[in-house]
Amino acid sequence: MNRRFGVPQSARRAISVCAFLVPMGSAVLLASGPASAAYQVVTVTSGGTIDGYVTLSGTAPTGATLKVTKNQDVCGSSIPDPTYSVGRAGGLQNVIVYLKGITKGKAAPNATPSLVDDHCMINPRVQGAMVGEQVRISSNDTILHNAHAVHAESNATIYNIALPFQGVSVIKPLPGSPGLIKIKCDAHEWMHSWIMELDHPYFTTTGPDGVCVARATTR
């Protein structure tokens, strides 16, 4: 299946999430099904993919910057606003695309999700992860940052750790249930990142041109 998903500009502020509606996001349903039970890893004997691309409806703001209020010697005087990362033909980057109602299929990815503070921004800005995974958090900056992870819906703190010097790296577990997690730096209020935690591994994030390709077999 190859589909083009148009995401209204008016519905998005900081993150675009397919198949999940949040105050800062926009919902586009890729695939759906009944509420999922506990996920079961099985051998997948036949493969399949779903591919498509997500586009922004309307015109993204140009030249928008984030206000840098401190540590300008490291952060610079301004930082490009990454809210709308639009590529060719209006393709929208940083959209999480995932399937709903998946109860069995392939194993979780081997790679450990990561969050890196670099030039006073958190990278990647948006990513998916599976329940039970851990996330590696590190800093490339020479100034104090912190990683304050909260449940996006309730703003309840999950953990809050200091990243006081360049090269520091810690590994923290993700919560034990699915949901959207926001990571922020309290020392630099413009620094934000999001993790969509899911109970299965059938998810992907759009690239610079809004393209997403995911192996979608669940048999």
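**Notebook: strands and their partners**

I started by looking up Val135, and Val135 stands opposite Lys172 in β15. My residue numbers count from 1 along each chain as its sequence is written. This is a predicted model, where local features need pLDDT of at least 70, side-chain atom pairs count only at pLDDT 80 or more, and totals for chains, interfaces and linings use all residues; side-chain values use heavy atoms, with hydrogens and water left out.

Strands are DSSP runs of E with at least two residues, numbered from the N terminus. Two strands pair if DSSP finds at least two bridges between them.

**Entry: the open sheet**

Which strands pair with β12? I found that β12 and β15 pair in the antiparallel sense over 5 bridges.

Next I followed β9 to β10 (residues 121–123): the two run antiparallel and are joined by 3 bridges. Val116 has Asn123 in β10 as its bridge partner. I also checked the hairpin of β9 and β10, and there are 2 residues between the strands. His119 in this hairpin takes a positive phi near 50 degrees.

Then I put the strands in order. 4 strands form an open sheet, β10-β9-β12-β15, and the pairing is mixed. The edge strands are β10 and β15 (169–173), each pairing on one side only. The twist averages 20 degrees from one strand to the next, with axes being lines fitted to C-alpha atoms and angles running from 0 to 180 degrees between N-to-C directions.

Is β13 largely enclosed or open? I looked at strand β13 (residues 145–151) and found 6 of its 7 residues buried, so it is largely enclosed by the rest of the structure. Buried means under 20% relative accessible area, using a 1.4 Å probe and protein chains only.

Which strands does β13 bridge to? With β14 (residues 157–163), β13 pairs in the antiparallel sense over 6 bridges. Ala147 stands opposite Ile161 in β14. The hairpin of β13 and β14 has 5 residues between the strands, and Asn155 there takes a positive phi near 65 degrees.

I also traced β13 to β16 (residues 179–184), and these two run antiparallel, joined by 4 bridges. For Val150, I noted Lys182 as the bridge partner in β16.

Definitions and conventions:
Buried means under 20% relative accessible area, exposed over 50%, partly exposed in between (1.4 Å probe, protein chains only).
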